[in-house]
Amino acid sequence: MSGIEANFDGLVGMTHHYAGLSVGNKASMIHQGQESNPRKAALQGLMKMKALSEMGLVQGVLPPQPRPDLPVLRQIGFTGSDAQILKQAAQYSPLLLSKLSSASAMWTANAATVSPSADSADRRVHFTVANLNRKLHRSLESTTTSRTLKAVFPDQKYFVHHDPLPQHADWGDEGAANHNRFCGEYGEAGVQLFVYGRTALQEGVTPERYPARQTLEASQAIARLHQLDEARTVFAQQNPVAIDGGVFHNDVIAVSNRNVFFYHQQAFLNQPSVLHELREKMARLGHTLTAIEVPAEQVSMQDVVRSYLFNSQLLSQPDGKMMLVLPEECRQNPNVSTYLQALITHENSPINKLHFFDLRESMRNGGGPACLRLRVVLSEPELAAVNPATLMTPTLYQRLTAWVERHYRDSLYAADLADPQLLHEVYAALDELTQILRLGSIYEFQR
């Protein structure tokens, strides 16, 4: 069966600011308190979407979420008009208001875990929305994320939408940022790799400095919900050393596409065993795993975190070769740049092309190209069942660019989040956006 891989990128929200909310994410912490540019951030993301669409790839768009999150402020006891609630929250705790204003939903790699119909027993595409319960600001996203995904993938004949796992640390789930899939053609049965940072119900090795966000138990639950065959499922623990080095999700140290796995030497605990199991299970499907392990002596853990080398998109080209979509920071890092040039010129390399994008507004908050997109493998009938208004075209790019230019500020500090005018701007913009993308009333303020 033929199939395609679509990438659905998150539009950066209007309250994009640098608050350093994500402990363990070094870029997020380093840029805390600096001035952000929401308009530039959104336009940078749209430019990447446009470029990939023009290369012939299927590219979709997912909307931001309403922020500041007024319903939560009301839920915890703040009362009065919107302006009064914002003022009370800012006086009570600027940090709380910052958390409830985060634009982190733009990193749609954390929106959900997706399994294609070729792998699921009921032959439907399964979505499990991530609970993201390790961070307050991200744990608030799941309800709107669920509504959004149901509006983009509405046909129950093809799509199954699962609720988030229980909101408890034992079931910590960070979505597709800790998930890879290996296959021959996209539409063929594949092997799914679930990466976790710790076990909740048994003793195990854990990082010492930063928290491990994904649990084995959450990954196992998702595999059950998605009706996956155990013979084609692999669970691997992320290297605690990598987590303590700033690799908060697996997609900061590994990326895959079809039968190619591009990863760092220090990515996994018991790495040889992980690779052996992947090779064995791929071989049973008649495929050979092509593993590209980047040596620590050439690219250090520090280089990995600074450049976001592995937070890239590994994509197939029409000629069968693959390309890497990378942040500009990879070109500026001498060790990473040297490695990449050697990689694409090696005669046996499956990767022969590099595309660099300026995503600095997102990068400074800790998210690169791979963070911004949710991969969804679809058959032709399934693609036809996707909400067509969310798929990138030249016309949609022009409309969204004009929309950003009309509504987004070009400067924002955390102190600006208490401005009631900003909230009005957000509501007006998102009302218009839901019409552009034909999403219906996915936001609570619209009801």
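These legends describe close-up views of one predicted model. Residues are numbered from 1 along each chain as its sequence is written. In this predicted model local features need pLDDT of at least 70 and side-chain atom pairs count only at pLDDT 80 or more, while totals for chains, interfaces and linings use all residues, and side-chain values use heavy atoms, with hydrogens and water left out.

**View 1. Helix H2 packs against helix H16.** Axes are lines fitted to C-alpha atoms, for helices over the stretch in contact, and angles run from 0 to 180 degrees between N-to-C directions. H2 is therefore roughly antiparallel to H16 (an angle over 145 degrees). The contact (heavy atoms within 4.5 Å) involves Arg-39, Ala-42, Leu-43, Leu-46, Met-47 and Lys-50 of H2, together with Tyr-397, Leu-400, Thr-401, Val-404 and Glu-405 of H16.

**View 2. Three strands form an open sheet in the order S6-S7-S8.** The pairing is mixed, where two strands pair if DSSP finds at least two bridges between them, and strands are DSSP runs (E, at least two residues). Strands S6 (179–182) and S8 (233–237) are the edge strands, each pairing on one side only. Strand S7 (residues 191–196) runs parallel to S8 and is joined to S8 by five bridges; Phe-194 has Phe-235 in S8 as its bridge partner.

**View 3. Helices H8 and H10 lie across strands of the sheet.** Helix H8 (residues 216–225) lies across S7 and S8 and runs at about 155° to S7, whereas helix H10 (residues 271–284) lies across S6, S7 and S8, running at about 170° to S8.

Key: Helices (H or I, at least four residues) and strands (E, at least two) are DSSP runs, numbered from the N terminus. Angles under 35 degrees count as roughly parallel, over 145 as roughly antiparallel, 65 to 115 as roughly perpendicular and the rest as oblique.
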